[in-house]
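Please keep the sequence and the structure in view while reading.

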Amino acid sequence: MALSSIFATARVRNRILAFFCLVFFALAYLLFTHTSISSPFSFVKSNPHPNGVILMLVAPNRLIQTTKALMSVEDRFNRRLKYSYVLFTSEDEVPALTDEIKAKIHYITEGRAIFATTKKKSWGIPTHLDMARVNASLQISGLFTLGYRSMCRFYSGFFWRHPALAPYDWFWRLDTDIVFHCEIPYDPIQKLIESNALYGFVQVSGDTNFVQPSLASNVSYFMSQNRDLISQDANHGFVWNDAASVGFQTCTNNITKSKRFDFSNDFTLKSINQNRSHDSLYTKLFEYLDKAGGFFYERWGDAPVHSFGLAMSLRKYQALQFHDMEYQHQGWPYECPQELDQCICEREGVAASMSSTFLVAA
């Protein structure tokens, strides 16, 4: 064979080899960039999770806390699960969310956070209230600020109605002053679904009487007027000492009959669809309580309001307690596991001893 023919054949071979090399590297590049951990959509494509969202209420004096809480959530489970966030801010506090803060949050959450504004209807004082009574209650030491009461009312009856939550079926509420001490190797919302539960919690705590002296009697009166909506096998024993009679009579003062046990809803996993219907039992309860005015005449908290509502609408098996979250709020006691190889906590104690009351109450 002539020398020129040999070189020509070699050149053809080299060109074919170069072509296949280019194709290989192009495919490798596309594969890598579309499955890279830095892509906020990569997990969703390969490992779809339930249609849920994580939400927080962000206050101007808690911006640093917010970034730390988001870092804890991301580091412990959500960098893997890739749930989106909705961060609420009241309308008059929006200017506090500077571009710098938004950029930090965008970086921490890999662009999965949106900022939503609470409107005056869901945050301000309702127009039907007596402002003289509201102002008088604000002078009482320990009854908290107007902003705090607005937060309790917003979380009691408005947040799930916000358009930002419209695309979702489940929400996971967290506060800004929280930390997860251990790795969470599973999807908590998926675990809730697999357990056929509608509500997930970590702890049960209590609220003081003087901030809500008329809440229990108002709830009892609502129950007496809506007996046909309340299931006979609802878990009244979680919140009432006399579950057989309370709520089925018109009472003027039921504070002694209330156990004052509340789900600590700084951590809440819940089906949004439970509340969406205007005719739902909980929505009717909230609207009755909102009309009564106790969120501002007193300081009715969102935790006891939700707990009363859940006790009259959920069966025991529909509430799931998470014992392995190693979740801490505001420095309060929390559960720390025996095995600490994936944790940064110390065994300082356990959650409140009544933490499983909802599951055992009569």
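## Cavities

How many cavities of 30 Å³ or more does the structure hold? In this model, which is predicted, there are three cavities of 30 Å³ or more.

The second largest cavity has a volume of about 70 Å³, and the residues that line this cavity are Tyr155, Phe159, Phe171, Arg173, Tyr199, Asn265, Thr268, Lys270, His306 and Leu310. Strand β4, strand β9 (267-271) and helix α13 each supply at least two residues of that lining. Sorted by class, the lining of the second largest cavity holds five nonpolar, three polar and two charged residues.

## The sheet

An open sheet is formed by seven strands, which follow one another in the order β3-β2-β1-β4-β9-β6-β10 with mixed pairing. Its edge strands, each of which pairs on one side only, are β3 (113-118) and β10 (319-321). From one strand to the next, the twist averages 20 degrees.

Within this sheet, strand β1 (residues 52-57) pairs with strand β2 (residues 84-90) in the parallel sense, over five bridges. Ile54 stands opposite Tyr85, a residue in β2.

Helix α9 (residues 215-225) is largely enclosed by the rest of the structure, because nine of its 11 residues are buried. The buried residues of α9 are Leu215, Ala216, Ser217, Asn218, Val219, Ser220, Phe222, Met223 and Ser224. Against which helices do the buried residues of α9 pack? They pack against α11 (281-292) and α13 (302-313), and α13 is also among the elements that supply the lining of the second largest cavity.

## The largest pocket

The largest pocket has a volume of about 1,000 Å³, and 44 residues line it, with Arg62, Tyr148, Met151, Cys152 and Asp175 lying nearest its centre. By class, this lining is made up of 16 nonpolar, 15 polar and 13 charged residues.

Several elements, namely α5 (120-123), α7, β4, β7 (204-206), β8 (261-263) and α13, each supply at least two residues of the lining of the largest pocket.

For the second largest pocket the volume is about 370 Å³, and the lining consists of 19 residues, of which Lys121, Ser122, Arg153, Phe158 and Arg161 lie nearest the centre of the pocket. Two or more residues of this lining are given by each of the elements α5, α7 and α11.

Helix α11 gives the most to the lining of the second largest pocket, with four residues; this is the helix that, together with α13, packs against the buried residues of α9. By class, the lining of the second largest pocket divides into six nonpolar, five polar and eight charged residues.

Key. Residues are numbered from 1 along each chain as its sequence is written. This is a predicted model: local features need pLDDT of at least 70, side-chain atom pairs count only at pLDDT 80 or more; totals for chains, interfaces and linings use all residues. Side-chain values use heavy atoms; hydrogens and water are left out. Two strands pair if DSSP finds at least two bridges between them. Axes are lines fitted to C-alpha atoms, for helices over the stretch in contact, and angles run from 0 to 180 degrees between N-to-C directions. Buried means under 20% relative accessible area, exposed over 50%, partly exposed in between (1.4 Å probe, protein chains only). Contact means heavy atoms within 4.5 Å. On a 1 Å grid over the protein atoms alone, a cavity is a set of points where a 1.4 Å probe fits but cannot get out, and a pocket is an open set with protein on both sides within 12 Å along at least five of seven lines; lining residues have an atom within 4 Å of a point. Grid points are joined across faces, edges and corners, and a volume is the space filled by probe spheres set on the points. Ala, Val, Leu, Ile, Met, Phe, Trp, Tyr, Cys and Pro count as nonpolar, Asp, Glu, Lys and Arg as charged, and the others, Gly among them, as polar.
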